[in-house]
Amino acid sequence: MRSPRLRLTAGLLLAPLLSGCFSSSGGDSSSDSTGSGHGGRLRVALAFPPSENYSPYGQDAFALARLGVAEGLTRLDANGTAVPALATSWSSEQGGRSWVFTLRDATFQDGAEVTPHAVASALRHAAGAAPAPAALSGVRLTAEAVGADRVRVTTAEADPVLPLRMTSPSLAVFSPGAYGKDGKVTPVGTATGPFELTKITGDTAAALDRFDDHWGGRAQAPGIDATFVSDGTARANALRTGAVDIAEALPVAQVASLEKGTVHEVDTARNASLHLNTRAGVFRDARLRAAARQAIDTSAVAEGVYEGSAEAARGLYGPAVTWAAGKRSEPTGRAGAADPRGKSITIATYNDRPELPETAQVLQQQLEKAGFAVALEVRTYALLESDLLAGKFDAAVVTRSMMLDTGDPVTVLASDFTCDGSYSMSGLCDKDVDRLVAAAGAETDPARRQDAVMKAEAAILGTDAVIPLVHLKAVTGIAPSVKGAVLDPYDRQFVGTGTRR
């Protein structure tokens with residue numbers, strides 16, 4: 001029997017990686033890019049407002065990718081393999097320290113040609129960004145033009161997954177006119193994707209028009225009107241009333257009230273986890289982190305909050321990452337638990353994903369029962385991210401796709417759990433973890449790389465810096481009139497050239 005829902009009252013070289021694949025909501029493939037459709041503009045509701053003025057070097061890069069605005073040299077296919085995008089082919093040199101990419105004939109949305117010099121300059125800008133994009137965590141990269149149609153990308157150390165790394169939305173290529181002297185990048189009308197960003201209304205809405213000169217052919221929809229709606233119930237209501245055609249991250253509580261056939265689920269590599277601040281406050285003490293872990297019942301989150309749209313976590317890599325279960329080992333080096341003795345902690349989370357505040361409340365009750373005094377802080381992600389990364393809370397309930405930044409499982413480990421990580425919610429700095437993550441990154445053989453990743457996972461979990469809670473499914477609402485919507489376990493695509501109504 002499911003427990004009652006709780007309400008918050010407070011203010012890739014590796015293939016195949018996933019059991020799921022990109023799937024269409026209708027019978028039409030998004031590869032149909034003839035532009036023959038004559039439907040209206042797509043109206044979509046996204047959960048996460050831009051938090052960095054659409055900078056391509058942070059999380060806003062994924063909004064640009066999912067709306068079909070920005071592209072890189074490569075992209076992820078259904079099996080998590082790097083396949084051609086702006087580059088048609090590539091080969092390695094110097095034992096993997098450099099890779100040469102051959103470019104296709106393509107045009108930027110401002111009319112400039114996609115040249116080797118333009119691509120090399122774009123990659124150098126990304127490599128010089130501060131903070132560095134998560135896809136380049138621990139990687140020193142440079143790029144140069146080679147002849148009329150090639151680019152050489154070189155790294156300080158051999159990088160066997162560089163083509164996979166180039167799939168990251170944060171390494172998208174923009175026109176030379178996009179880059180300002182202040183280091184900022186303007187994505188409006190300067191990218192290469194099938195949809196051109198034409199108007200930005202703060203952090204609430206954006207308008208996109210079809211880019212007719214896209215190298216892959218014309219999109220079937222004439223444009224996209226995107227709204228950013230943090231409240232999950234509001235997104236569901238917008239779909240229910242016909243105000244939008246596609247709505248992401250629907251609350252599981254709303255699913256039963258939506259029209260049959262409009263709700264689509266797909267397994268993802270995304271987890272919800274509790275990150276504990278190891279640098280300051282109560283959870284600097286590994287024994288109190290162990291006490292928190294022992295207090296948490298993840299099945300109560302899976303059953304009581306997600307109602308079957310998630311399952312209790314078995315580690316950082318869930319069932320969608322098909323190779324992980326058979327290679328997992330027990331966490332190593334865990335400390336013994338200490339009595340919390342009423343110590344006060346604050347758990348932060350965001351309401352853009354509607355189940356997270358409820359999850360935080362479940363954890364609050366469990367941790368208080370164990371002897372902690374727990375306060376909750378709930379904001380939108382855009383208002384919370386900088387404080388999370390600055391370590392201003394004792395703990396944070398967040399979601400994270402373990403394949404998000406590059407499609408390579410090592411990348412997220414490096415960015416989230418190493419001393420120099422650029423997206424570390426727990427502030428973990430452990431020499432053994434760093435050593436094991438570096439060892440995984442150096443492996444070129446896919447099977448041995450997977451083995452090394454799971455050893456690093458065991459060491460990370462052994463620190464209790466992160467407590468995986470549930471493995472998530474993506475719950476997307478799609479109106480029956482829409483064909484060709486993309487259900488992507490990698491969180492990279494939301495609409496394709498064949499998406500239309």
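**Figure 1. Pairing of β7 with β8 in the predicted model.** Strands β7 and β8 (residues 150–155) run antiparallel and are joined by six bridges. This view, like those that follow, comes from a predicted model. Across the pair, Glu-144 stands opposite Arg-152 in β8.

**Figure 2. The open sheet that contains β7 and β8.** Four strands make up this sheet, in the order β5-β6-β8-β7, and their pairing is antiparallel. Its edges are formed by β5 (87–93) and β7 (141–146), each of which pairs on one side only. On average, neighbouring strands of the sheet are turned by 20° against each other, direction ignored.

**Figure 3. Helix α2 on the sheet strands.** Residues 116–127 form helix α2, which lies across β6 (98–103), β7 and β8. The helix runs at about 175° to β7.

Figure 4. Helix α6 spans residues 286–295 and is mostly covered, with seven of its 10 residues buried. The buried residues are Leu-288, Arg-289, Ala-290, Ala-291, Ala-292, Arg-293 and Ala-295.

**Figure 5. The N-terminal cap of α6.** The N-terminal end of α6 is capped by Asp-285. A side-chain oxygen of Asp-285 lies 2.8 Å from the backbone nitrogen of Arg-287.

Figure 6. Asp-408 sits in the loop between β17 (395–401) and α10 (409–417). Its relative accessibility is 1%, and because buried means under 20%, Asp-408 counts as buried. The side chain of Asp-408 makes a polar contact with the side chain of Arg-449, at 2.8 Å.

**Figure 7. The whole protein, for reference to the close-up views.** The protein has 12 helices and 19 strands. Its radius of gyration is 22 Å, close to the 23 Å that the globule rule gives for 501 residues, so the protein is as compact as a globular protein of that length. Taken along the principal axes, the box filled by the C-alpha atoms is roughly 65 × 55 × 45 Å. Of the 501 residues, 57% are buried. The accessible surface comes to about 18,900 Å², and carbon and sulfur atoms account for 48% of this surface.

Notes: Residues numbered from 1 in each chain as written. Predicted model: local features only at pLDDT ≥ 70, side-chain atom pairs only at ≥ 80, totals over all residues. Heavy atoms only, no water. Helix = DSSP H or I, 4+ residues; strand = E, 2+ residues; numbered from the N terminus. Buried < 20%, exposed > 50% of the residue type's maximum accessible area, 1.4 Å probe, protein only. Polar contact = N/O pair within 3.5 Å; in protein donor to acceptor, adjacent residues only side chain to side chain. Pairing = 2+ DSSP bridges. Axes fitted to C-alpha atoms, helices over the stretch in contact; angles between N-to-C directions. Contact = heavy atoms within 4.5 Å. Rg over C-alpha atoms; globule rule 2.2 N^0.38 Å. Areas by Shrake-Rupley, 256 points an atom, 1.4 Å probe, with all protein chains shown as cover.
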